[in-house]
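The following note sets out points for a colleague who wishes to review the model. Please read the points alongside the sequence and the coordinates.

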Amino acid sequence: MDAPVELDVAIIGAGFSGLYALHRVRDDLGLKTRVFEAAQGVGGTWYWNRYPGARCDSESYYYSYSFSEELDQDWVWSSRYPEQAEILTYLEHVAERFDLAKDIQFNSRITSTHYDDSANRWRLTTDSGQQIVARYVISAVGCLSTRNVPDFKGLDQFAGDWYHTGAWPHEKVDFTGKRVGLIGTGSTGIQATPVIAQEADHLTVFQRTPNFTVPARNEPLSEQASREIKENYRQIRDTCKASAGGFPFEPIERLASDVSESEREKIYSDLWELGGFRFLAQSFADLVIDEAANETAASFIREKIAQIVNDPNIAKLLMPTDHPYGTKRPPIDTNYYDTFNRDNVDLVNVREAPIIEITKNGVKTTAGEYELDTLVFATGFDAMTGPLLAMDIRGKDDLMLKDAWEAGPRTYLGLQVAGFPNFFTVTGPGSPSVLTNMPVSIEQHVEWITDCIAYMQSHGLSRIEATDDAQEEWVRYVAEQAELTLYPKANSWYVGANVPGKTRVFMPFVGGLDIYREHCDEVAKDGYRGFALSN
Ligand code: N01
C-alpha cells in the first residue's frame, strides 16, 4: 500500500467553501493543503444539482465571492438569477484564476476521518483506500449535499427511469412524449415543475405539503445594471457583510401592525412585483416572530394563488395552512402556480392519500395508481448533519460524531465540536449558514478558520478544541434564539423533519450573521475564548 499523503490541512469538498478555503490556507498561510472531492469537477451543489430549472434564488451580483475586487470587476453575470450552468462556470473560472485545481483531488470521497490522539493528527481514508494524515481538517461538505431518497417500497421494480434532482445526469434528460411524476414541492420541485411541464407529455406533481412561493422575476442583467453594480461593488459587499442575512438589502424596522391594511397590501403587492427574497426580507421586521404579522403575508400569498390558479380546488390544495410563511426556506419561482392551469399537469395530494409503493408502472397511493415513464425525486436532503455523519468522523477516545450528536448537532459557533480537536466545519450546524446568503457566511467562516490556524502557527500551538462548557452555552443560546421565532413551528429540514427518525432540533443560528460575526470576532480577540489551545 502507498505511504499516506502527509498534509498540513486536508479540506473536504470543492464547492464555494472548499475552493475559498484552499485559496486562503495555501496561498495566505503557505501550508501544504489538498482538497478531496467526490465529484469529477469543482462546484459542490452546483456540480450535482443540474435538474431542469435549477438556478440560484439569490441574485447573481451578491451570490458570489467578494474576496477579489478584480474578480468582481472582470466577471459578467448574464441575468438577475444565474442558472446552475453559469454558477458552475463561475466556480470553474475561480478555480482556474487562482490556480486551485492542481491541489484538488477529484473522484475521491472521504469515507473515514479519525483523530489519532497520541500523534495529534487526523487520519482520513478515501473510497479508493488512499490514506491521508493531516494536522487540520476543514470540512467544506456543504449543508445540502446528502440526498434524501425516501425509502419507498418497490422503487427497484420501476420500469422507467428515475432521478434525484441532487444527482442529475450530465446529459440532457429528454421528457418529450413522457408521462413524468415529480415528488416534492420544496424549492427544487417548484423550480423544476414549470420547466418539465413544458416538455413532458404529462406531469403529475405529488405534493405532501404545499409551500408558499413568490415570483423570482428573472430577467437579463443589462449592461447598464451590470456597470452600476460594478461601480458600487465595494459598498454592496460591505452592506452584505454588515447585514443580518448577508444580503445587500436595507434593513427594515417597520412592523406589519405599523401600517394600515391598505398600505400593507401595497407593500406586499410592490414586493410581489419586484420578486425574490425581498418579499420576506423587505416587507416587515416581525414576519418570522409574530404569528399575526406572519398571517398578513401568508394570506396575501394565498390570495395570489386563488387569483392565478383557475381551478378553485387545485388552488386550495396549493395553499399552505400548516406552517407560517418563511419558516420553511421560502422558494422563489418562475410560473409555478400558473403551471397548474396547463392541461398536461395534475396535482396529487399525497398527504391525504399517501404513496404506498412504487410499482413497475408508476406510483401507487392509497387512492390509486399513476402510470409513469419517468420519476423525479425532488425530495431534498438530509440537511446540515447528513454530509458530516456520512464521513465516519471519530474524535478523541474514538468518540463517534454520530454518538456525540445523538440528541442533535452540538457545536461551538458551528465551527468546531468538543472532542474533535483541529477539525473545523464551514457553515456547520449552530452557525447562520442556510438562513443567509451562503457565500457571505462561507467567506466569514473560512476567514475565521484561516486566521485561527495562522494564530496557532505564530504562537507555537498545535491543538485547538472547543471546550464542553463553551459548546453547551452556545447550543443553549442557539436554541433560545430559535424559540424567539416562529421557525420551530414548521416541519422543515431546518429541524430535520423531512428525514424519518432524525432528532428534531432547530439547527442553524437564527440570531443574524451580523451578531454572529461579532461573537466570532470577540472570541478570537479574547485569545479564542471557549477553545482549549495547546502544543
Ligand atoms: O428539498 P425540500 P429541496 N413523500 O426538503 C417532499 C436549497 N435550494 O431540494 O414538505 C412525499 O425543501 C417534502 O414534503 P414535506 C434550499 O435551501 C436552493 O426542494 O416534507 N413527499 C418537500 O415537499 C432548499 O430549501 C436553491 O411534507 C416527500 C420536498 O419533498 C433546499 O435546497 C434551489 C417525501 C422536499 O423539499 C432543499 O430544497 C433549490 C415523501 N416520503 C434548492 N419526502 C437555490 O436557489 C420528502 N418529500 C440556491
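**Note on the domain contact, the ligand site and selected residues**

1. The side chains of Lys 489 and Glu 291 form a salt bridge, with an N to O distance of 3.6 Å. A salt bridge is here a side-chain nitrogen of Lys or Arg within 4 Å of a carboxyl oxygen of Asp or Glu. Between domain 1 and domain 2 the count is five salt bridges, and the structure holds 31 salt bridges.

2. On provenance, the model is predicted: local features need pLDDT of at least 70, side-chain atom pairs count only at pLDDT 80 or more, and totals for chains, interfaces and linings use all residues. Residues are numbered from 1 along each chain as its sequence is written, and side-chain values use heavy atoms, with hydrogens and water left out.

3. The domain assignment gives domain 1 as 5-147 + 382-534 and domain 2 as 155-377; such bounds come from an automatic or database domain assignment. The contact (heavy atoms within 4.5 Å) takes 48 residues from domain 1 and 55 residues from domain 2. The C-alpha centres of the two domains lie 27 Å apart.

4. The area buried between domain 1 and domain 2 is about 4,500 Å², and carbon and sulfur atoms give 53% of this area. Buried area is the accessible area (1.4 Å probe) that two parts lose on being put together, summed over both.

5. Between the domains there are 33 residue pairs in polar contact, both residues at pLDDT 80 or more. A polar contact is a pair of N or O atoms within 3.5 Å; within protein, one must be able to donate a hydrogen and the other to accept it, and residues adjacent in sequence count only if both atoms are side-chain atoms. On the side of domain 1 that touches domain 2, helix 2 (45-48), helix 3 (69-74), helix 15 (438-458) and helix 17 (513-525) each supply at least two residues. Helix 3 gives the largest share, four residues. Helices are DSSP runs (H or I, at least four residues), and strands are runs of E of at least two, both numbered from the N terminus.

6. Arg 234 and Glu 69 form a salt bridge in which the closest N and O atoms are 3.3 Å apart. Arg 234 lies in helix 7 (residues 233-242) and Glu 69 in helix 3, so the pair ties together parts that are 165 residues apart in sequence.

7. Around the ligand there are 26 residues, of which the closest are Asp 57, Thr 188, Arg 208, Thr 209 and Lys 328; the criterion is a heavy atom within 4 Å. A side-chain N or O atom of Arg 208 is 2.8 Å from a ligand oxygen atom. A backbone N or O atom of Ser 187 lies 3.1 Å from an oxygen atom of the ligand.

8. Arg 394 is found in strand 17 (residues 393-394). The side chains of Arg 394 and Asp 392 are joined by a polar contact of 2.9 Å.
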